[in-house]
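This briefing is meant to be read beside the sequence and the coordinates.

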Amino acid sequence: MLDTVRRAFKIEDVRKRLFYTFMMLIVVRLGSELPTPGVDPTYIQNFFASQTGDAFNFFDAFTGGSFTQMSVFALSITPYITSSIIIQLLTIAIPKLEEMQKDGPDGRKKLAAITRYVTVALALIQSTAMAVGFGRQGLLVEYNFVNAAIVVCTLTAGSAFLMWIGERITEKGVGNGISIVLLINIISRVPSDFVTLFEQFIKGKTLAKGLLSAVIILAVVLVVILLVVILQDGERRIAVQYSQKVQGRKTYGGQSSHIPLKVNTAGVIPVIFASSLMQFPIVIAQFLGKGNGTGIGSQILKCMNSNNWCDPNNLIYSIGLVVYIVLTIFFAYFYTSITFNPLEIANNMKKSGGFIPGIRPGKPTVEYLTKILNYIIFVGACGLVIIQVIPYFFNGVFGANVSFGGTSIIIIVGVVLETLKQIESQMLVRNYTGFLNTKGGSMKNSFLGY
């Protein structure tokens, strides 16, 4: 990794892209510290401090602490993420959107424009709900139409500006801009989380206990990162053979290739879907001031609260963890089914004269791909579950409650690995371009007689 970065800085074009990305990330972090006009940030901080559950910690980690500070980037890029997921799901239900998705670059541009509009609409809805709902309870210094409108416009503009920054990073920087912005937000919360762990498990302890706690914490983090790396890079390669075709004096085809199927086919989407579904009732109940009683409803909410999972004193609440695991596996199958179509892959192979050795083209190929895909999805979902359960286990047994967990680590490692791959590909293209230009110039000069 360090060698890739070192070589990247030696190439001027890549170095400029890295510098552009770095400057944009500075703008992101500065905007995360700018307060929203007319807002009392202490209200939202006190509100979250009085809540139980990790729904708000999860959201605060995604916004890089901007939400609890109520900065101009308080909504961060969460509206864009939600919008992207909605559009992806709608491409299955709406034929027009599905046609755009298959219509090459022009269709993808139209989908990107629709995603932007939906992002702004979602940001407007969320900021309005916050300004009206929290504003009446003390979020606004003075609750009136003008102050509420200022907050709505500020938060909506902040989210749209972050979306613009993400797109500029994708175009002029390195990596996927939206993912890079999300990455820097999550990383910005990690130091404070480690400070929390230090004060909770190391500070004030004897040298032996403190050292043991530090080693355990470091080992857990490294193990989770290692598992994420293995999960992200793991893939099943299905061999494909192309038949030979003779046209005139030339022979085409006859080559061997493969279909790479990633073990973690759905990425972090199943975890986000499952977490959101589990935390949504808790958030609604807390907004309504419910869920602190002893009734059946309150007990169900406690089961859904991840802070109560793996607690040796209340193992009954770990039923929620079982439900969470089932949801993660379900969404892994669901999301992969709408993004990967074995029938389409089989048809494309058949048109190009390709076949899987030992498998007949057509329906048998579809059945074979489906069988392999179902097995891979299950393995990937189990990997996601293990990565998620490790932080929950230490949270329940030792009370290590921090904002970053398996989801955050999956995003951090995944974005870093993908960005490094893109940097390497840009360096490779740069070397090929330079090689071809040099050779082309030499051939041109020789033809001109120089």
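How many disulfides does the count come to? The count comes to zero disulfides, and it should be read with the caution that this is a predicted model.

**Cysteines**
- Cys303 counts as buried because its relative accessibility is 17%, and the cut-off for that class is under 20% relative accessible area.
- Cys382, with a relative accessible area of 27%, is partly exposed.

**The cavity**
- The structure holds one cavity of 30 Å³ or more, and about 30 Å³ of space lies in the largest cavity.
- Lining the largest cavity are Val263, Asn264, Thr265, Ala266, Ala332, Ile377, Gly380, Ala381 and Leu384.
- When this lining is sorted by class, it has six nonpolar and three polar residues, with no charged residues.
- Helix 16, which spans residues 363-398, gives the most to the lining of the largest cavity, contributing four residues.

- Thr21 lies in helix 2, which covers residues 12-31, and Thr21 counts as buried because its relative accessibility is 6%, where buried means under 20%.
- The side chain of Thr21 reaches the backbone oxygen of Arg17 at a distance of 2.9 Å.
- Once neighbours within four places in sequence are left aside, Thr21 is in contact with Ile169, Gly173, Val174 and Ile180.

Note on methods. Residues numbered from 1 in each chain as written. Predicted model: local features only at pLDDT ≥ 70, side-chain atom pairs only at ≥ 80, totals over all residues. Heavy atoms only, no water. 1 Å grid on protein atoms, 1.4 Å probe; cavity = no way out; pocket = protein on both sides within 12 Å on 5 of 7 lines; lining within 4 Å. Points joined across faces, edges and corners; volume = space filled by probe spheres on them. Helix = DSSP H or I, 4+ residues; strand = E, 2+ residues; numbered from the N terminus. Nonpolar A, V, L, I, M, F, W, Y, C, P; charged D, E, K, R; others polar. Buried < 20%, exposed > 50% of the residue type's maximum accessible area, 1.4 Å probe, protein only. Polar contact = N/O pair within 3.5 Å; in protein donor to acceptor, adjacent residues only side chain to side chain. Contact = heavy atoms within 4.5 Å. Disulfide = S-S within 2.5 Å.
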